[in-house]
Structure formats: C-alpha cells, structure tokens
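Please open the structure in your viewer and keep the selection tool at hand.

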Amino acid sequence: MSTGGVIRTVLGDVDAAGWGPTDYHEHLFQVTPLLPGDELDDERASTREAELLRDSGFAAMIDATPSGLGRDPAGVARIAEATGVRIVATAGRHREAHYEPGHPAHADDAATLKRRFIAEIAYGQPRDDADPDGPRALSPDGSPVRAGILKGGADYWRISAFERVTLLALAAAHRATGAAVMVHLEFCTAAHEVLDLLAAEGVASDRVVLAHADRDPDPGLHVALAQRGAYLGYDGFARPRTRSDAELLALTAAVVAAGAGDRVLLGGDVARRTRYIAYGGMPGLAYLGDRYLPRLRAEIGDAAVDTMLVANPARLLTLSR
Ligand SMILES: [Zn+2]
C-alpha cells in the first residue's frame, strides 16, 4: 500500500512504502585534503564495493559526499544502475576544514548556497562541482541526477561563520524542498546547538540526522537528542583505535532500552580507499552487514535492528510536503 510519500534517489523518486535496508552513510566518491592518500575516485572500484555492500544485505544507501569533495553524480547514478542499490545523493557542503584556504566555497553566501541546494534537489546536481551553476549530471536514461538529502557540518564545539552560512542555506532549502538535513558533528559536540539553530530557521528536529553521534557513546545525551525528535547516526564501527564495537553495542542497547530505537540510523562511513576491499584495503563496506549486524541482532533482537535499517531511514528520507 502506498503511503503517498516518496524518497528521491539518483535514478528517480521511489515510493517510501517499498523501501529496503539502508546504510545511511557511505561515500562512493570522495576527495578531501583531510584524507590524503585515501581518495575514492575510481568508478569501477566503487561499483565493486557497492556490490559488496548489496551482497551483505543492503538495498539502499545514502552517498554522503557534499559539494566540492570529488563528487561524481553521473558516476553514482551509473553505480546505482549497475548494482541495483538505491542511492540517495547529497546536496550541501561539509564542515569548513574540508575546504582549503582559497577554495571558491569560502566566497559563497547563504543566498547562493540556498539557490544551488534547491536546484540539486529539484532539478539536478552539477556535472562538475567546479562549475556549480553549469550543466547538470545525467543518469543512464538521460534524466538529471537529483539529490535527496541536504548536508552540513560543524566543528568540535564550534559552528564557524562558514558552517553557519551552510546551515542557514540548508534550512531555506529544506523549507523549499522538504528534504531531510544531515549534519556532521565532531564527537557529537554542539548537537543541541545545531538543532536549536535549525529549529529557529524552520527545520523541525525530526527532519535532522546527527551524523557520527556514536563518537560520543553517551546514552544519556543520545536519549535527550532523540526526545527532541532528532535521528542519531551510528557509523563508527570497525575503528577499535578510538572505540570498540563492544561500546557501540552497549550504547545501542541502552538507547533502545530507553525507548529511542526509532531514532537510530546505521551506516559504515568507511570513506577511505585504504578501508575499501575493492581498492585493495579492508574491512570494506560489507563489514557492517557481515560482522556488526549479527552481533547487534543478538544484542537487541531482529525487530529493533530492522526498524533502524528500514523504517527509520524511510521516514527520514521521505520528502515532507
Ligand atoms: Zn562521511
């Protein structure tokens, strides 16, 4: 039965009622000065990695790379076509540290960004981020590749002027398009402050996902954020140098026990070529489905996990009217 709501993928709009298991945060293409030597820039390898994700149990993913960081919307659309994975692309820009001094992004004002973000959702993403108002990227059937989610970022306990301009433009684009807003946080700092800023600009907290919330695995903080309606992006698995998966299993169990399981989204955010199997690294995008999810299912049960994989992302990604 149709809910009437749609999710905007790179190959067109899909009825939210038929949505499937979703990895809410990966990158098929990404080039940033913050990750030298970890460029994701090979379409054939990224296609192979998307197949590995699909074969680990995922039907959909968000490609979370915003503007100016090596995006290739036409390539993402070809990967969606080749693999059958539904992919939602991102309009927006990252936290300021990803853009070197002198990068043209530093000159863009909120009105310019608002116009571009709306255009990416409504009409299509630029073929080349160096020419943001130029020709649109095309999918294999010749239609423009449209974004389905908005994204910004904040620094560690700091929202810079650059990042504030992004958030204001995202809010305006949200009001115009109904697309959800993802915000990259550093260790889940400034989460309430970002939600306050967005709410003051007309973005309800239940249209926002706080990416990397699990970098501060504090169930009390997370439940408070969820009670405001915000979604919590958990995507820090397979990083034992900073945090064991065991801590994230315990965090998730505590958040579910407190009644906030309907606010959690799961993703890998693997993001580095040295971590992609198809680029010669490990553990790859299949780690989440193959290694982590069986443990999470044992910990909190299938129903709670399936809510995080299907119902929660479908609700967030459905364009509000
Ligand atoms: Zn990411």
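Which side chain does the side chain of H27 join in a polar contact of 2.7 Å? It is the side chain of T65. Please bear in mind throughout that this is a predicted model.

**Stop 1: H27**

Select H27, which lies in the loop between strand 3 (22-26) and helix 1. Is this residue buried or exposed? H27 is buried: its relative accessible area is 2%, and a value under 20% counts as buried. Now display its surroundings. Setting aside residues up to four places away in sequence, H27 touches L40, D63, A64, T65, K151, D269, A271 and Y276.

**Stop 2: helix 2**

Next, select residues 73-83, which form helix 2. Eight of its eleven residues are buried, so helix 2 is largely enclosed by the rest of the structure. To see them, colour P73, A74, G75, V76, A77, I79, A80 and T83. What do these buried residues pack against? Their partners are helix 1 (43-55), strand 4 (60-63) and strand 5 (86-88). Before leaving, select G84, which follows helix 2 and has a positive phi, near 80°.

**Stop 3**

Move to residues 208-211, which make up strand 9. V208 and L210 point one way from the strand, while V209 and A211 point the other way; all four of these residues are buried.

Strands 8 and 9 pair in the parallel sense over four bridges, and the bridge partner of V183 in strand 9 is L210.

Which residue of strand 10 is the bridge partner of V209? That partner is Y231. With helix 6 (residues 219-227) included, strand 9 and strand 10 belong to a right-handed β-α-β unit.

**Stop 4: helix 7**

Select residues 245-257, which form helix 7. At 1.5 Å a residue, its 13 residues should span 18 Å, and the end C-alpha atoms are 18 Å apart, which agrees. Colour the buried residues of helix 7: D245, L248, L249, L251, T252 and V255. They cover an arc of only 160° around the axis, which means that they lie on the same side of helix 7. Among the elements that cover these buried residues are helix 6, strand 10, strand 11 (264-266), helix 8 (287-300) and helix 9 (302-317).

At its start, a side-chain oxygen of S244 comes to within 2.9 Å of the backbone nitrogen of A246. Just after helix 7, G259 has a positive phi of about 90°.

**Stop 5: P283**

Finally, select P283, in the loop between strand 11 and helix 8. P283 is partly exposed, with a relative accessible area of 29%; this class covers values between 20% and 50%. Which residues does P283 contact, leaving aside its neighbours within four places in sequence? They are A238, R275 and I277. To end the tour, draw a distance between the C-alpha atoms of P283 and V270: these residues are 13 residues apart along the chain, and the two atoms are separated by 8.7 Å.

Note on methods:
Residues numbered from 1 in each chain as written. Predicted model: local features only at pLDDT ≥ 70, side-chain atom pairs only at ≥ 80, totals over all residues. Heavy atoms only, no water. Buried < 20%, exposed > 50% of the residue type's maximum accessible area, 1.4 Å probe, protein only. Helix = DSSP H or I, 4+ residues; strand = E, 2+ residues; numbered from the N terminus. Pairing = 2+ DSSP bridges. Right-handed = clockwise from strand over helix to strand, strands pointing away. Contact = heavy atoms within 4.5 Å. Expected span 1.5 Å × (residues − 1). Arc of directions from axis to C-beta. Polar contact = N/O pair within 3.5 Å; in protein donor to acceptor, adjacent residues only side chain to side chain.
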